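Visitor: I am new to this structure. Please show me how to read its features one at a time.

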Amino acid sequence: QWGDKPGAGAAVSLTIHRDSYGYPGIVAQYEKTTAGTDGSFVFEKVLPGHVQLSCPIEAEPGNKSGVTQINITGRIAHLEVKPGRNKAVIGGAGRVVKGKLTGRDSWEGVTFHFHPTAPHVGFSGDDEMWKAWGEFQKSPSGPLFFRDGLKVKADGAFEIAGVLPGSYQIFFSLEGGKDHVASGKFDVGAEVPGQQAEPLDAGEFTAK
């Protein structure tokens, strides 16, 4: 679910690859399916224990790293599978994220933007990660995860509506300035199916 829209037709992967039994991957399971028009999907006969669900982005065929699919924060969910029926949601309806800037006398002209944590640089497969990250940004759900031009209140507080689960980087800028006034990170936890997500306090961010 991406905000108020179901992830209709999304490719969904289930991954189990455990190393707590000795040799890594001795207990493993890999499944794929496609979400229905309402975004729902089902996996049957799933091994109990920790499971990763994701909506991966396909990597460019024939790339040098050999990577075929890429999982990006915001398109992943984890759960502990127990006997019987289990429910999980990838994405969600979103929640309010609040925070506050400190360290300046005035916040006039200060705006901010945030986005999912960017890929690292210098490792095999990073080029494919960056391409997938860019594709994610341009996708229909991208505007929910990549937002800019947001305003800080007069007292330095800020509030963002409809933030989906994931790990984010946030940057605050002064109009006309070259450098960021402040920056930081915050994590939004997974949503529980059928429950409204509680607001999140991202804490304080101190200006330089």
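Visitor: Is Phe 146 buried or exposed, and why?
Guide: Phe 146 counts as buried because its relative accessibility is 13%. Buried means under 20% relative accessible area, exposed means over 50%, and partly exposed lies in between (1.4 Å probe, protein chains only). This is a predicted model, in which local features need pLDDT of at least 70, side-chain atom pairs count only at pLDDT 80 or more, and totals for chains, interfaces and linings use all residues. Residues are numbered from 1 along each chain as its sequence is written, and side-chain values use heavy atoms, with hydrogens and water left out.

Visitor: How many aromatic pairs does the structure hold?
Guide: Rings of Phe, Tyr and Trp (its six-membered ring) pair if their centres lie within 6.5 Å; planes under 30 degrees apart are stacked, over 60 edge-to-face, and the rest tilted. The structure holds 14 such pairs. One of them joins Phe 136 and Phe 146: the centres are 5.7 Å apart and the planes at 80°, so this pair is edge-to-face.

Visitor: Where do Phe 136 and Phe 146 lie?
Guide: Helices (H or I, at least four residues) and strands (E, at least two) are DSSP runs, numbered from the N terminus. Phe 136 is in helix H1 (residues 126-138), while Phe 146 is in the loop between helix H2 (142-145) and strand E9 (147-151), 10 residues apart. Phe 136 is buried, at 1% relative accessible area.

Visitor: Why is the pair of Phe 158 and Phe 205 tilted?
Guide: The ring centres of Phe 158 and Phe 205 are 6.0 Å apart and the planes are at 45°, so the pair counts as tilted. Phe 158 lies in strand E10 (residues 157-163) and Phe 205 in strand E13 (residues 200-206), so the pair ties together parts 47 residues apart in sequence. Phe 158 is buried at 2% relative accessible area, and Phe 205 is buried at 6%.

Visitor: Which residue has its charged end over the ring of Trp 107?
Guide: A charge sits over a ring if NZ of Lys or CZ of Arg is within 6 Å of the ring centre and within 35 degrees of the ring normal. Here the charged end of Arg 104 sits over the ring of Trp 107, 5.9 Å from its centre.
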